[in-house]
Amino acid sequence: MSATVATPLLQTVARKVPYFVPALVAVAVMLLLTASESETFLSGGWKLVLVYASPLVLLAMAQAPVVLSGGGGLDLSVGPTAGLVSVVIAAVLIPRDLSVAWLVIVVALLTGAAAGAVNATLVTLVRIPPIIATLATYLVFAGLATQVLGAPTGFLPEWMSWFTSVDGVLPNVLYVILGVGLVWLLLTRTAYWRNLLMVGSNDRAAYTAGVNVTAVRFLAYLLTGVMAGVAGLVLTAVLGGADATVGPTYTLQAIAAVALGGLSLAGGRGGLFGAAVGAVLLFLIQNYLTLTEASSFELQMAYGVVLIVAIVANGAWDRKRKAR
Amino acid sequence: MSTTITHGDPSLAAASPPPPKRRTARASSVLVYLSPVAMFVVLTLTTPGVLSTTGVMSLLVLASVLGLAAVGQTWAVMIGGIDLSIPATIGMANVLVTTLYAEGWGFPRIVLLVVVVSLAIGTANGLLSSLFGLHPLVVTLGMASLVTGSVLVATDGNTGGDVPGFITDAVSPVGSVWGIGVPAAVILWLATLAVVLLVERRTVFGRRLYALGSNERAARLALVRPVVVRVVVYSVGALCASAAGVLLAGFSGGASVSIGDPYLFSTITAVVVGGTSLLGGAGTYARTVAGVLVTTMFTTLLVGLEIGPNMQQVMLGVAILLLITVYGRDRHVAQRL
């Protein structure tokens with residue numbers, strides 16, 4: 001119905017532009033709105049916004065590889081993994097005076113990788129459906145984190161404030177995000193990227209074509225874990241300490257961000273950039289609603305409406321893209 | 001009664017030979033229905049106090065709240081979806097009952113309002129998740145935020161109130177209905193169970209439910225209207241979740257919009273432990289009931305062993321993994337060609 005009414009031009013545009021463009025346009029709109037609402041936003045306030053958005057951005061990026069790998073690929077445990085990492089830093093390393101920068105970073109990445117490897121094993125080798133496997137590890141990681149660190153702590157080594165510093169031209173946390181993006185960019189130059197999309201869009205076809213589906217998916221979960229580790233590190237810095245209950249709250253937001261960023265939750269379409277854009281969009285929406293000085297109740301209501309509207313608009317755009 | 005619907009692409013399924021050495025559905029369902037029995041035996045051995053009328057009844061009351069909340073999750077999963085708005089719906093019903101009762105509304109009027117709101121939530125979920133093939137995960141997530149926010153705005157955050165005495169009685173383990181020593185909450189659950197199973201197995205709608213879950217395209221060709229099925233599924237789910245929310249008002253601790261939060265994952269857990277495939281098209285609420293009983297008893301067992309809430313969570317996660325490893329594994333891609 002709507003396809004016949006639509007101008008051919010719009011349809012051509014929809015088909016030509018990359019998947020993340022609608023989210024990018026929405027981000028631009030939100031930036032304008034935010035700038036008009038807050039005077040300090042353009043003169044440096046945006047850096048602080050980015051710092052606070054960074055854990056969600058990184059977790060949405062972390063979510064991307066498993067979503068792309070298809071087969072109902074999803075990692076509900078990214079939030080708790082980030083929480084676990086921050087608990088390991090604050091409750092295991094720091095009390096033992098093991099707070100040298102390189103050690104903390106390595107441990108954070110390894111913890112994330114270990115969590116990712118557990119998920120990867122459960123999903124690809126034991127072959128437990130992803131939602132179930134990662135729901136179970138969500139419970140395990142979140143439970144362990146709260147068990148180890150019952151009450152939030154706020155003592156961090158000096159160097160971790162680097163992550164939250166906004167003194168430079170760009171906020172430092174942006175370099176972390178760009179760094180993750182760069183590693184991913186290098187990965188997209190390899191055959192792995194092509195295989196991942198192929199497995200994501202049709203795993204049976206990929207298998208018949210000789211792609212090692214199990215290995216491709218295993219690596220996707222591992223990558224997700226490592227990126228969740230990075231997110232955990234940044235989350236710790238942004239919170240200025242560790243709180244075992246904060247990480248898990250990011251999981252559903254990260255999935256919503258991925259969907260807003262134009263990735264197909266069925267797999268096979270999208271990338272890390274879209275996920276990051278979706279997360280920025282989600283955060284800007286929340287941030288804007290806060291700026292308008294609505295009550296937290298109205299904020300929650302409006303957030304629900306905006307999320308639904310955004311996802312419907314995204315779906316409509318996608319329909320236009322696929323229309324013949 | 002077994003459902004002989006295969007999922008996946010029918011064109012490929014028709015061309016390929018029968019999957020080699022597929023574990024029979026019957027064997028795994030025997031395991032599913034035996035697990036509550038086994039769990040009960042373990043529970044009575046470790047916590048002898050459970051083996052009394054009050055003990056069993058308090059277990060069943062807890063199970064009935066989770067069981068009602070899980071109706072919607074089961075059906076949503078059976079049509080290949082998921083419902084993240086169940087906790088918000090529970091909170092909505094919980095808060096409406098207590099605040100409006102305190103304002104002097106009659107109970108029937110409150111129930112009518114809760115029913116209308118539930119139907120609105122369910123209809124919105126069903127319509128939106130039919131639109132452009134949107135993923136119900138994100139749709140119901142947004143809906144959850146909208147519902148919780150609306151309730152808070154409407155009540156100005158004052159969610160406390162009064163609880164009608166008969167709701168407290170309904171969830172009391174020593175309560176009884178018509179002289180039978182069974183709490184009303186349990187009766188309500190059993191009645192719901194009967195209706196849900198009847199609908200699944202003996203009605204046209206039940207057939208459409210399985211058809212939509214197995215293969216939407218094929219279902220459309222068979223003149224099933226996915227929108228209608230989805231609207232009904234999410235509405236029934238919202239109604240049952242509201243019933244759970246009303247019952248929760250009977251427990252001490254006061255009303256709150258977030259009272260349903262634990263039910264986000266516990267309903268999914270109950271469905272999963274029951275062995276209903278998240279791919280849709282298979283499973284039944286009866287399996288979820290087994291899952292509800294197992295998880296309720298498992299939690300009671302851990303509480304009895306004086307294990308704290310954090311480690312309870314960890315062990316629940318491990319238990320899910322073990323159970324699904326036994327009866328819920330996917331087939332290898334090579335066996336799905």
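# A two-chain helical model

The axes of helix α6 (residues 101–125) of chain A and helix α11 (residues 213–239) of chain A come within 7 Å of each other and cross at roughly 145 degrees. Here an axis is a line fitted to C-alpha atoms, for helices over the stretch in contact, and the angle runs from 0 to 180 degrees between N-to-C directions. Helices (H or I, at least four residues) and strands (E, at least two) are DSSP runs, numbered from the N terminus.

This is a predicted model, in which local features need pLDDT of at least 70, side-chain atom pairs count only at pLDDT 80 or more, and totals for chains, interfaces and linings use all residues. Residues are numbered from 1 along each chain as its sequence is written, while chains are lettered from A and ligands numbered from 1 in the order in which they are written.

**The helix pair in chain A**

- The crossing of α6(A) and α11(A) is right-handed; a crossing is left-handed if the near helix is turned anticlockwise from the far one by less than a right angle, and right-handed if clockwise.
- By class, the contact of α6(A) with α11(A) has 15 nonpolar, ten polar and one charged residues.
- In this scheme Ala, Val, Leu, Ile, Met, Phe, Trp, Tyr, Cys and Pro count as nonpolar, Asp, Glu, Lys and Arg as charged, and the others, Gly among them, as polar.

**Confidence**

- The model as a whole scores ipTM 0.83 and pTM 0.85.
- Chain B averages a pLDDT (the predictor's confidence in each residue, from 0 to 100) of 85, and 91% of the residues score at least 70.
- Take care with residues 1–24 of chain B, where the pLDDT is below 50; this stretch has 23 contacts in the model beyond near neighbours in sequence.
- Two residues are in contact if their C-beta atoms, placed from the backbone, lie within 7 Å.

**Where the chains meet**

- Gln300(A) lies in helix α14 of chain A, and it touches Ser145(B), Thr148(B), Gly149(B) and Leu152(B), not counting residues up to four places away in sequence.
- Gln300(A) counts as buried because it has 24 C-beta neighbours inside 10 Å.
- The rule is that a residue is buried if 20 or more other C-beta atoms lie within 10 Å of its own, exposed if 12 or fewer, and partly exposed in between, with C-beta atoms placed from the backbone.

- Helix α12(A) is mostly covered, as ten of its eleven residues are buried; among them are Tyr250(A), Gln253(A) and Leu260(A).
- After α12(A) comes Gly262(A), with a positive phi near 95 degrees.
- Asp97(A) is not a glycine, yet its phi is positive too, near 60 degrees; look for Asp97(A) in the loop between α5 (78–93) and α6 of chain A.
- Asp97(A) is exposed, because 8 other C-beta atoms lie within 10 Å.
- Arg127(A), also not a glycine, has a positive phi of about 65 degrees and is found in the loop between α6 and α7 of chain A.
- Arg127(A) has 17 C-beta neighbours inside 10 Å, so it counts as partly exposed.

**Chain B as a whole**

- Chain B has 14 helices and zero strands.
- The radius of gyration of chain B is 20 Å, close to the 20 Å that the globule rule gives for 337 residues, so chain B is as compact as a globular protein of that length.
- That radius is taken over C-alpha atoms, and the globule rule is 2.2 Å times the number of residues to the power 0.38.
- The C-alpha trace of chain B spans about 65 × 50 × 40 Å along its principal axes.
- Of its 337 residues, 51% count as buried.
- Among contacts in chain B between residues at least 6 apart in sequence, 78% join residues at least 24 apart.

**One residue inside chain B**

- Thr98(B) sits in helix α4 (residues 86–102) of chain B and is buried, with 25 other C-beta atoms within 10 Å.
- Leaving aside neighbours within four places in sequence, Thr98(B) is in contact with residues including Gly160(B), Asp162(B) and Ala255(B).
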